[in-house]
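These are my notebook entries on a structure I was asked to look through.

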Amino acid sequence: MAGQLNPNVLLAVPLAPLAGAAIAGLFGTKFFGNKIGRTASHTATILGVLIAFIISFQTLLAVMDGATYHGTVYTWMTVMGLKLEVGFLIDSLTAMMMCVVTFVSLMVHIYTIGYMAEDEGYNRFFSYISLFTFSMLMLVMSNNFLQLFFGWEAVGLVSYLLIGFWYTRPTAIYANMKAFLVNRVGDFGFILGIGLLLAYAGSMNYGEVFAKRADLATMTLPGTDWMLLTVACICLFIGAMGKSAQFPLHVWLPDSMEGPTPISALIHAATMVTAGIFMVARMSPLFELSDTALSFVLVIGSITALFMGFLGIIQNDIKRVVAYSTLSQLGYMTVALGASAYSVAVFHLMTHAFFKALLFLGAGAVIIGMHHDQDIRNMGGLRKYMPITWITSLLGSLALIGTPFFAGFYSKDSIIEAVHATHIAGAGFANFAVLAGVFVTAFYSFRMYFLVFHGEERFGKAHDDHHGHGHDDHHDDHHHGLAPGEKPHEAPWVVTVPLMLLAIPSVVIGFIAIGPMLHGDFFNGVIFVGDNHHAMKELHEEFHGATAMALHALSTAPFWLALAGVASAYYCYMVNRKVPEWFYNKFRAIYTILDNKYFMDKFNEVVFGKGAVLLGRGLWSGGDRALIDGLIVNGSAKVVGWFSALIRHFQTGYIYHYAFVMIIGVLLFLIYFMPFPSFAK
């Protein structure tokens with residue numbers, strides 16, 4: 001069915017969720033007087049996302065058959081030859097992202113029926129998550145930088161609304177403001193990068209900019225000897241650092257767990273945080289021409305992958321463990337981008353979306369069963385009370401740590417191999433980081449798994465000092481955690497069905513997709529790799545099928561590091577609980593550093609927060625009060641007053657005084673303009 005896709009059908013993909021969001025947001029809230037109830041609101045939004053998913057899946061099948069679309073849907077305006085328009089670029093990369101976004105969003109919508117059942121903002125929440133789906137689809141389907149930036153900012157805005165969904169809670173307001181401000185830092189770099197490309201390529205259309213990449217590669221930034229393309233790519237990646245939570249712009253994501261759990265799965269696992277990864281992969285024709293930019297990407301990703309994983313080890317909030325896992329895995333994707341293995345990064349983006357959404361929704365099911373207690377130290381033995389949540393969470397954890405034959409194994413192992421094969425500056429550190437991260441990931445993942453589902457039942461007891469009052473509890477007048485004698489319970493079917501549906505791709509999608517996505521022609525003509533970058537070439541040479549890859553992995557370092565991480569977690573938290581206590585007492589300084597998240601929040605507070613306050617006070621005191629009010633406003637008034645007081649002495653009211661002044665004036669006038677004789681000979 002090779003040919004061109006129907007743009008009208010494609011337009012229904014983002015517009016269907018938008019229509020659902022409008023129905024629930026306008027008619028299901030106080031805005032128009034609650035015209036419809038909860039059932040109508042969630043039906044409208046779920047139906048919209050379902051339509052988007054069906055069309056997206058059909059589009060993927062058509063694209064695999066050779067169909068594409070690249071064209072303008074709507075021209076907003078033309079300014080001096082510059083076209084500002086809405087357009088779609090539908091190829092294999094876009095079609096895959098459309099399916100991931102809509103499928104995970106559909107699962108989250110269904111899950112939300114059970115999770116938010118008792119919340120007063122039920123309809124508003126459905127409106128927000130459906131609006132977010134629209135924004136993300138506009139981002140991934142765009143064929144130009146204007147629409148990309150619109151989607152980029154729209155997902156940021158809706159994430160602000162979702163993180164601060166419980167707006168009466170100070171911690172939620174702090175978290176959404178933090179996310180908004182940190183993302184503005186990244187977005188400043190992003191718009192600078194777009195501006196540079198627009199200024200020197202003269203277009204905002206991807207295809208037209210890519211066509212001029214050879215010329216752009218020869219230019220330097222005016223006034224410097226820096227390569228223009230290097231600066232532009234680094235600026236674009238700074239935008240990705242904010243949206244995809246890379247060090248040091250990662251600080252917003254853990255705090256965003258203040259929002260309801262469904263948004264953690266939707267925004268912080270499968271969609272928004274992967275926007276930066278998608279963008280860099282889409283810009284591969286530009287990044288491939290700058291090894292400096294790729295090296296920068298590689299090092300930033302390596303730091304994020306390893307050091308954010310360390311923080312997951314000491315977390316006790318079940319959602320924050322998964323959040324730091326997300327940070328670490330985003331670092332892995334970024335490392336793959338830096339190694340010029342763009343298809344591997346996108347492959348890990350896809351597999352990670354399924355198993356991380358599964359883990360977040362599984363954590364939410366545990367929170368429901370524990371009556372909104374999120375502290376894993378108050379759990380234990382939930383396996384027999386919540387069998388579906390247990391088995392799906394186990395499958396998600398096995399996929400996360402890269403167990404052979406599971407989805408995460410194929411993408412994660414491919415990243416490690418790609419980094420090992422690359423020779424870009426920083427590859428040595430990156431190779432160490434991704435290998436060490438395997439052990440760290442396995443340790444914190446199964447630390448959480450063992451503490452939650454196995455061992456001693458620690459719930460239903462008197463509250464200890466560490467008893468966790470769930471961030472996700474939106475019933476402030478209710479009891480947090482299980483009361484003495486209470487037992488956990490399995491979540492309702494609207495919660496467990498999405499878990500089971502997400503568990504399927506978490507297990508099998510890697511085995512199915514690795515051949516066409518990494519070693520076939522799925523991304524041909526979409527992702528570009530330069531002849532001087534050999535990582536993907538070496539991966540192709542070493543690949544002999546999905547089964548052979550999994551069997552070979554049993555004798556490789558990543559498998560044994562993952563196994564060592566699981567075994568260490570089992571010994572520390574199931575066999576000898578004194579070991580973690582010994583480490584805590586022996587390395588308390590390290591624990592303090594980790595517990596304070598490397599003091600990044602404190603640094604930002606002191607340097608940027610207080611610095612901004614001091615700068616503001618300085619500008620107010622020196623600029624506003626002294627310069628503007630003091631010198632310009634009050635100073636000019638004083639000058640006028642002084643001059644007026646001086647002139648006043650000449651206003652006597654006597655005619656002969658005025659006549660005398662006139663005579664003196666005429667005399668001075670004549671002297672000034674009178675030609676004097678020259679005495680030169």
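**Entry 1, cysteines.** I looked up Cys233 and found its sulfur 9.4 Å from the closest cysteine sulfur, that of Cys235, which is too far for a bond. I note that the model is predicted. A disulfide is a covalent bond between the sulfur atoms of two cysteines. For the pair to count, the sulfur atoms would have to lie within 2.5 Å. I then searched the whole structure and found 0 disulfides. Is Cys233 buried or exposed? I read a relative accessibility of 1% for Cys233, so this residue counts as buried. I also checked Cys99, which counts as buried at 10%.

I counted 10 salt bridges. One of them joins the side chains of Glu153 and Arg184, with 3.0 Å from N to O. I placed Glu153 in helix α5 (residues 145-163) and Arg184 in helix α6 (residues 170-201), so this pair ties together parts that are 31 residues apart in sequence. Both partners count as partly exposed: I read 23% relative accessibility for Glu153 and 24% for Arg184.

I next followed Arg184 to Asp187, where a second salt bridge has its closest N and O atoms 2.4 Å apart. These two residues both lie in helix α6, separated by 3 residues, or about one turn of the helix. Asp187 is buried, with a relative accessible area of 4%.

I also looked up Lys597 and Asp601, whose side chains meet in a salt bridge at 3.1 Å, N to O. Through shared partners, salt bridges join Lys178, Asp255, Arg320, Lys597 and Asp601 into one network.

I found a nonpolar surface patch of about 690 Å², made by Phe405, Leu501, Ile504, Val508, Phe511, Ile512, Leu551 and Leu554. Which helix gives the largest share of the patch? I noted helix α20 (residues 493-519), which supplies 5 residues. Leu551 belongs to helix α22 (residues 546-553), and I recorded this residue as partly exposed, at 49% relative accessible area.

I took down the division of the protein chain into domain 1 (1-67 + 92-133), domain 2 (68-91 + 142-461 + 485-575) and domain 3 (578-656). The centres of domain 1 and domain 3, taken over C-alpha atoms, are 47 Å apart. In UniProt, an unreviewed entry lists residues 76-126 as "domain: NADH-Ubiquinone oxidoreductase (complex I) chain 5 N-terminal". Over residues 76-126 I read 57% helix and 25% strand, with 30 Å between the end C-alpha atoms.

Conventions
Residues are numbered from 1 along each chain as its sequence is written. This is a predicted model: local features need pLDDT of at least 70, side-chain atom pairs count only at pLDDT 80 or more; totals for chains, interfaces and linings use all residues. Side-chain values use heavy atoms; hydrogens and water are left out. Patches are made of residues with over 30% relative accessible area and no salt bridge: like charges are joined within 9 Å, nonpolar side chains (Val, Leu, Ile, Met, Phe, Trp, Tyr) within 5 Å. Accessible areas come from the Shrake-Rupley method with a 1.4 Å probe; for residues, only the protein chains shown count as cover. A salt bridge is a side-chain nitrogen of Lys or Arg within 4 Å of a carboxyl oxygen of Asp or Glu. Helices (H or I, at least four residues) and strands (E, at least two) are DSSP runs, numbered from the N terminus. Buried means under 20% relative accessible area, exposed over 50%, partly exposed in between (1.4 Å probe, protein chains only). UniProt positions are given in the numbering used here, feature names are shortened, and annotations may be inferred rather than shown by experiment. Domain bounds come from an automatic or database domain assignment.
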